[in-house]
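The following exercises concern the reading of a multi-chain model.

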Amino acid sequence: MNFIIGNINYIGAMVLFVIGLYTVLTHPNLIKKIIGINIMETSIFLFFVSIGYVQGARAPLVDPGNGGQLLVNPLPSAMILTGIVVALSVSAFALSLVVRLHQLYGTIELDEIIKIRSVETDD
Amino acid sequence: MDDLFVRVITKMILPFIQLYGLYVIIHGHLSPGGAFSGGAIYASSLVLYTLAYGLEKGQKRLSHNTSAIFESGGILFFIFFGILGIVLGHSFLTNRQAGFSMGNLGQVLSGGLIPVVTFVLGIKVMSTVVTLFHNMLEEER
Amino acid sequence: MKWDKIFTIVLLGALLFVLVASIGELPPMGAPDSPSYNETTRYYVEEGTRDTGSTNLIASIITDYRAFDTLGEATVLFTGIAGVAALLGVAHHNPKEKEEEENHG
């Protein structure tokens with residue numbers, strides 16, 4: 001029980017990862033797959049940032065009055081800032097691809113797109 | 001959306017959102033925030049304006065030419081400050097060793113290169129998010 | 001009929017069990033002597049304000065110590081918006097060129 005409460009951040013990140021993976025694998029709608037990819041990325045951000053936590057420490061903003069305090073590790077947060085922006089760009093590009101697919105095939109369900117494409121190549 | 005209530009409330013609350021976004025960008029080296037979150041807050045005000053008043057008026061606020069200038073100018077400004085470090089005799093993108101003025105600790109105008117770079121990156125992020133939104137709406141015509 | 005979903009759920013449950021069981025190998029969360037708090041972090045925490053002159057340590061990391069990564073990330077933002085504009089772009093017709101074509105043709 002102490003194990004679950006002490007590492008609740010890591011367990012939450014892994015549960016979110018498995019939920020996102022289930023969403024990508026199961027639903028045939030393309031936009032739900034993109035939402036599943038976003039959930040997986042969020043879980044990895046949570047896992048990475050909570051590695052740098054130190055118990056009983058303050059946020060990494062130095063107070064010029066009294067020095068020598070215990071601060072949280074600032075390095076994983078700085079790395080994740082870049083990762084969040086990359087995730088935004090990938091989601092935007094994937095959504096614009098879905099708009100083009102809808103213009104070409106008329107539907108955004110993956111089963112029907114595969115059916116239309118297999119009928120086209122048989123002739 | 002042709003709702004009168006949404007339009008009146010948007011017109012009243014828009015300057016406060018923009019002021020808060022600019023505050024987070026400018027105080028990036030003193031309090032939590034920085035370029036990326038401040039740029040996103042600033043961009044959400046323009047997205048709210050487009051949602052309430054329609055695409056025509058929204059594109060007059062941030063046209064294609066203006067967003068092109070903001071985006072390209074942001075990266076070129078960054079590289080210009082880096083090459084300024086090379087011209088003054090040190091490596092690329094140095095701050096204190098290249099002789100930029102440091103100022104007093106804890107004030108807004110301190111830290112040499114940091115407030116300028118933060119401001120330019122914040123404007124760039126704002127222009128990116130608003131251009132994304134306008135491109136996805138423009139396609140319906 | 002529903003065997004696909006049951007098979008997927010069982011497989012993902014096994015994956016979740018393996019992931020949670022490997023948390024026990026990690027050092028406990030929040031320990032002040034964890035291996036991720038090494039000499040680099042100690043240098044940033046102690047000498048950060050003296051080197052850069054800003055009290056926000058994360059801003060001093062991403063714009064002074066590791067400013068090259070921020071340049072790469074600005075490039076990624078620009079490439080993303082260029083890709084979206086290339087796919088969903090609106091072709092701006094120049095009305096003068098169209099009139100010249102109609103007059104010549």
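The exercises below treat confidence, helices, a core and chain contacts in turn.

This is a predicted model, in which local features need pLDDT of at least 70, side-chain atom pairs count only at pLDDT 80 or more, and totals for chains, interfaces and linings use all residues. Residues are numbered from 1 along each chain as its sequence is written, while chains are lettered from A and ligands numbered from 1 in the order in which they are written.

**Exercise 1. State where confidence in chain A is lowest and where it is highest.**

Step 1. The mean pLDDT of chain A is 90, and 98% of its residues reach 70 or more; pLDDT is the predictor's confidence in each residue, from 0 to 100.
Step 2. Confidence is lowest in helix α5 (residues 110-122) of chain A, with a mean of 84, and highest in helix α3 (residues 30-49) of chain A, at 95. Helices (H or I, at least four residues) and strands (E, at least two) are DSSP runs, numbered from the N terminus.

**Exercise 2. Compare the length of helix α1 of chain B with its expected span, and locate its kink.**

Step 1. The expected span is 1.5 Å times one less than the number of residues. For the 23 residues of α1(B) (residues 4-26), 33 Å is expected, and the distance from first to last C-alpha is close to this, at 34 Å.
Step 2. A kink of about 40° lies at Ile13(B), shortly before Pro15(B). The bend is the angle between axes fitted to the seven residues ending at a residue and the seven starting there.
Step 3. The buried residues of α1(B) are Gly21(B), Val24(B) and Ile25(B). A residue is buried if 20 or more other C-beta atoms, placed from the backbone, lie within 10 Å of its own, exposed if 12 or fewer, and partly exposed in between.
Step 4. The cover over these buried residues includes α2 (35-53) and α5 (114-138) of chain B.

**Exercise 3. Describe the surroundings of Thr128(B).**

Step 1. Thr128(B) lies in helix α5 of chain B and is classed as buried because 27 other C-beta atoms lie within 10 Å.
Step 2. Beyond its neighbours within four places in sequence, Thr128(B) is in contact (C-beta atoms, placed from the backbone, within 7 Å) with Glu71(B), Leu77(C) and Ile81(C).
Step 3. Glu71(B) is 57 residues away along the chain, yet the two C-alpha atoms are separated by 7.3 Å.

**Exercise 4. Which residues of the largest nonpolar core touch the most other members?**

Step 1. A nonpolar core is a set of buried Ala, Val, Leu, Ile, Met, Phe, Trp, Tyr and Cys residues joined through C-beta atoms within 7 Å.
Step 2. Among the 42 residues of this core, those touching the most other members are Val117(B), Val125(B), Met126(B), Val129(B), Val130(B) and Ile61(C). The greatest contribution, 11 residues, is that of α5(B).

**Exercise 5. How many residues of chains C and A form their contact?**

Step 1. Chain C gives 36 residues and chain A gives 39.
Step 2. On the side of chain C, the largest share, eight residues, comes from α4(C).

How values were computed:
Two residues are in contact if their C-beta atoms, placed from the backbone, lie within 7 Å.
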